[in-house]
Amino acid sequence: MRRMTRPLVSLFLALALIATACGDDTSTATAETTSTSTTTTTTTTTTTTTAAPPEIEIPTPGASTVEGLFALGRPMVLGHAGGDRSWPHSTMFAFSEAARTGTEVLEMDVQLTGDGVLVVQHDDTVDRTTETSGRVRDLTYQEIQALDNGYWWSGEWGNQSLPPEDYIWRGVRTGEAEPPPGYTADDFRVETFRSVAEAFPDHVLDVELKVPRGDDGENDLDFAIEGARVLAAEIEELERQDSVVVVSFDDDVIAAFHDFAPDIPTSPGTGALTDWFLGGVPLLESHRVLQVPPEFDGLDVLNLPGFLEKARSEGLGIWVWPNDASTQENADFYESLLDFDIDGVIAGRPDVAVERWREIGAIP
């Protein structure tokens, strides 16, 4: 690979990491660019209903803490939004199926509802996954949980142009279709962070703090930072400080979270990662793992001169999130990642990754 110039590398990192840990789930409703907002956020205390784990057998992961997983000395499979290419994005059904098939880390995105409840949701609207439209921040917890979160799932994330019969989980949430064995209609709703964390006490969680847009159409950092405060508080209440990694593309949000919870493992945002790689600026002590795509715009990230070596020399883990579902979310690609010195893949098809990696002896 030819050596890239400093400006090109900087541009690559600034762009490629904008959707940290979120693969190619580019939101039609959210353009995540850094901006400053003066919005004042007020949250209220809302009692949430904890989801009961489905009645299926879930194997215990190799370790139940972040450091424990890295100490295993082998790669790990993470389920992107529970495995959004295999099951409906961010549903309890998806997280449960991922865990059932051997996924050791559950990845998710979180943001606040209008009444201050931290829910698991990627986009800042519900347009791409449910039967209705609207901003998450304009909905109450009860309103958003009533929605059918499997409405548009077909295996092609966000594709709403297919024949109705291709949306195989549509109507399960609302009682119009039967749930799969061992599950209920509630397993196809929008979940809270708390409900997922409580349902999977033995699984490490990789949590991305989203930055929703405000009324002016710009990213509302104040709202996102309030989400960071709520997340930090819930992690502490649940005593999950050693089993959660928190990430955001926005360094201000991660810095705020670090202030709220300095001992919880994190991943750097766009600016911090660029400054670390290009300028030698030290990362926060809490930064434990780098989360990067395998390629971007024709640039081979994992062969970027000195990148993996620098990460390893500083004791940083490396999780790779596929950002081209058409060519990367498959068994052969997951296997090819093992040619590099990485610690895990954030897979849209974690069941496929687990099966292939077990076949070749990479994981037990």
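This is a predicted model: local features need pLDDT of at least 70, side-chain atom pairs count only at pLDDT 80 or more; totals for chains, interfaces and linings use all residues.
Trainee: What makes up the chain, in terms of helices and strands?

Mentor: The chain holds twelve helices and ten strands. Of its 364 residues, 58% count as buried.

Trainee: Why is Trp321 called buried?

Mentor: Set the value against the cut-off. Buried means under 20% relative accessible area, and Trp321 has 2%, so the word applies. Trp321 sits in the loop between strand S9 (317-320) and helix H10 (325-328). Its C-alpha atom is 9.2 Å from that of Leu78, although the two are 243 residues apart along the chain.

Trainee: And what about Glu97, why does that residue count as buried?

Mentor: The reasoning runs the same way: the limit is under 20%, and Glu97 has 10% relative accessibility, so Glu97 counts as buried. This residue lies in helix H3. Setting aside neighbours within four places in sequence, Glu97 is in contact with Ile56, Trp87 and Tyr183.

Trainee: What makes the pair of Glu97 and Tyr183 a polar contact?

Mentor: A polar contact needs N or O atoms within 3.5 Å, one able to donate a hydrogen and the other to accept it. The side chains of Glu97 and Tyr183 make such a contact at 2.5 Å, so the distance falls inside that limit.

Trainee: How do you know that Arg356 and Asp332 form a salt bridge?

Mentor: The test is a side-chain nitrogen of Lys or Arg within 4 Å of a carboxyl oxygen of Asp or Glu. For Arg356 and Asp332, the closest N and O atoms are 2.9 Å apart, and the pair passes. Arg356 lies in helix H12 (residues 350-359) and Asp332 in helix H11 (residues 331-336), so their bridge ties together parts that are 24 residues apart in sequence.

Trainee: Are these two partners buried or exposed?

Mentor: One of each. Arg356 has a relative accessible area of 18% and is buried, while Asp332, at 53%, is exposed. The cut-offs are under 20% for buried and over 50% for exposed.

Trainee: How many salt bridges does the whole structure have?

Mentor: A search finds 20. One of them joins Glu191 to Arg189, with the closest N and O atoms 3.2 Å apart, and both of these residues are buried. Salt bridges with shared partners also link Arg173, Asp186, Arg189 and Glu191 into one network. Another bridge pairs Lys210 with Glu208 at 3.5 Å, and again both residues are buried.

Trainee: Why is Arg240 said to have no salt bridge?

Mentor: Compare the distance with the limit. A salt bridge has to be within 4 Å, but the nearest side chain of opposite charge to buried Arg240 is Asp242, 5.9 Å away. Arg240 belongs to the loop between helix H6 (221-237) and strand S5 (244-247).

Trainee: Which backbone oxygens does the side chain of Arg240 reach?

Mentor: There is the backbone oxygen of His203, at 2.4 Å, and that of Ala197, which lies 2.9 Å from a polar atom of the Arg240 side chain. Beyond four places in sequence, the residues that Arg240 touches include Phe200, Pro201, Val204, Leu205 and Ile235.

Trainee: Which residues touch the most other members of the largest nonpolar core?

Mentor: They are Met108, Val110, Phe193, Leu231, Val246 and Phe257, in a core of 44 residues. Helix H6 gives the largest share, eight residues. Apart from this core lies another, of 27 residues, among them Phe307, Phe333, Ala353 and Ile363.

Trainee: What is Phe193 in contact with?

Mentor: Among its contacts are Met108, Val110, Leu118, Val207, Leu231 and Ile235.

Trainee: Which residues of helix H7 are buried, and what covers them?

Mentor: The buried residues of H7 are Val253, Ile254, Ala256, Phe257 and His258, and their cover includes S4, H6 and S5. At the start of H7, a side-chain oxygen of Asp250 comes to within 2.9 Å of the backbone nitrogen of Asp252.

Terms used:
Residues are numbered from 1 along each chain as its sequence is written. Side-chain values use heavy atoms; hydrogens and water are left out. Helices (H or I, at least four residues) and strands (E, at least two) are DSSP runs, numbered from the N terminus. Buried means under 20% relative accessible area, exposed over 50%, partly exposed in between (1.4 Å probe, protein chains only). Lys and Arg count as positive and Asp and Glu as negative; His and the chain ends are not counted. Contact means heavy atoms within 4.5 Å. A nonpolar core is a set of buried Ala, Val, Leu, Ile, Met, Phe, Trp, Tyr and Cys residues joined through side-chain atoms within 4.5 Å.
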